[in-house]
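Please look through the model below before reading on. My remarks on a few of its residues come after it.

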Amino acid sequence: MRKPLFIGAAVAIVTPFTDNGVDYQSLAELIEFQIKNGSDAIVVCGTTGEASTMPDDEHIAVIKFAVETINKRVPVIAGTGSNDTRHAIELSKAAEAVGADGLLSVTPYYNKATQKGLYEHFKLIANSVKIPIILYNVPSRTNLNINVETIKALSEIENIVAIKECNLGQVGEVVNLCGDNFAVYSGDDNTVLPVLSLGGKGVISVMANIIPQDTHDMVDKFFQGDINGAIRLQLQTLNLIKALFCEVNPIPVKAAVSLLGFKVGQCRMPLTDLTDNNLEILRAEMKAYGLI
């Protein structure tokens, strides 16, 4: 039986930027905030971390810094996906070399591979490293779905151990086909409870950037049998989640983290600042939630 990389709530952490690079002091502060407030794992250099704008040397430096700062207190999962298989392999090997506990590998985007191409892509990545890999299926960003049968075939590769699934409609099928030996994590904050109810093991979360304890507690209550408590937390978060996705992620969540008092800088172009109107919506929801 393969042990899941984590059970609970992992934060897809934002990357604090300056005009010249990464603000490592602020990143350390964010990491400590996450660990102190219950996050079960930390995902660095994912979509929310703006990995697509990071040169490879910066990308790997951030993973290395996170590994050293976290120092085994929680698992470090590194985003190393690419639509270029060779590039994904290079990033994955480098992340393993600097000590990442696992990898998050997104479906290739823009190229629109066939299901056979997807299988071969992920198989080659898996064969290039020894650490566990979480697939990341996010059709809204890639315009491509990893079909259930392909996920089943990939789950039989030894170190492909889980999926971050944003296609709620196929979660039950994946759990049925792959069983307890393969973990399914919610990829959307507003579907944590539905995924858990279908056999999921947790969430890789955006909202955990600002409410890590509640995100952790939602999953923990479910597994402790306090289903009503978990439902209450999920329902309580919905208006805040709506505000966190009023523009494309990570624009709103980076603004939200700034409103909490952390220095995270602006998103890198082509992402722009949150509009004034949406910033006021976000501020109002954070105030209603008791965050500011």
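This is a predicted model: local features need pLDDT of at least 70, side-chain atom pairs count only at pLDDT 80 or more; totals for chains, interfaces and linings use all residues.

1. Residues are numbered from 1 along each chain as its sequence is written, and side-chain values use heavy atoms, with hydrogens and water left out.

2. For "active site", an unreviewed UniProt entry lists Tyr136 and Lys164. UniProt positions follow the numbering used here, feature names are shortened, and annotations may be inferred rather than shown by experiment. The two residues are spread over 29 residues of sequence but cluster in space, with a largest C-alpha distance of 4.7 Å. Of these residues, Tyr136 is included in the lining of the largest pocket. (A pocket is an open set of points on a 1 Å grid over the protein atoms alone, where a 1.4 Å probe fits, with protein on both sides within 12 Å along at least five of seven lines; lining residues have an atom within 4 Å of a point.)

3. Tyrosine 136 belongs to strand 5, residues 133-137. Strands here are DSSP runs of E with at least two residues, helices are runs of H or I with at least four, and both are numbered from the N terminus. Tyrosine 136 is buried because its relative accessible area is 7%, buried being under 20%, exposed over 50% and partly exposed in between, with a 1.4 Å probe and protein chains only. Not counting residues up to four places away in sequence, tyrosine 136 touches Lys164 and Cys166, among others; contact means heavy atoms within 4.5 Å.

4. Lysine 164 sits in strand 6, residues 160-165. Its relative accessibility is 7%, so lysine 164 counts as buried. Beyond its neighbours within four places in sequence, lysine 164 has contacts including Tyr136, Tyr185 and Ile204.

5. Histidine 216 is part of helix 9. Is histidine 216 buried or exposed? Histidine 216 is buried, since its relative accessible area is 18%. The side chain of histidine 216 comes to 3.0 Å from the backbone oxygen of glycine 38. Leaving out residues up to four places away in sequence, histidine 216 touches Ala9, Gly38 and Asp40.

6. Aspartate 226 is in the loop between helix 9 (212-223) and helix 10 (227-244). With 30% relative accessibility, aspartate 226 counts as partly exposed. Between aspartate 226 and alanine 162 the C-alpha to C-alpha distance is 25 Å, and they are 64 residues apart in sequence.

Methods
A polar contact is a pair of N or O atoms within 3.5 Å; within protein, one must be able to donate a hydrogen and the other to accept it, and residues adjacent in sequence count only if both atoms are side-chain atoms.
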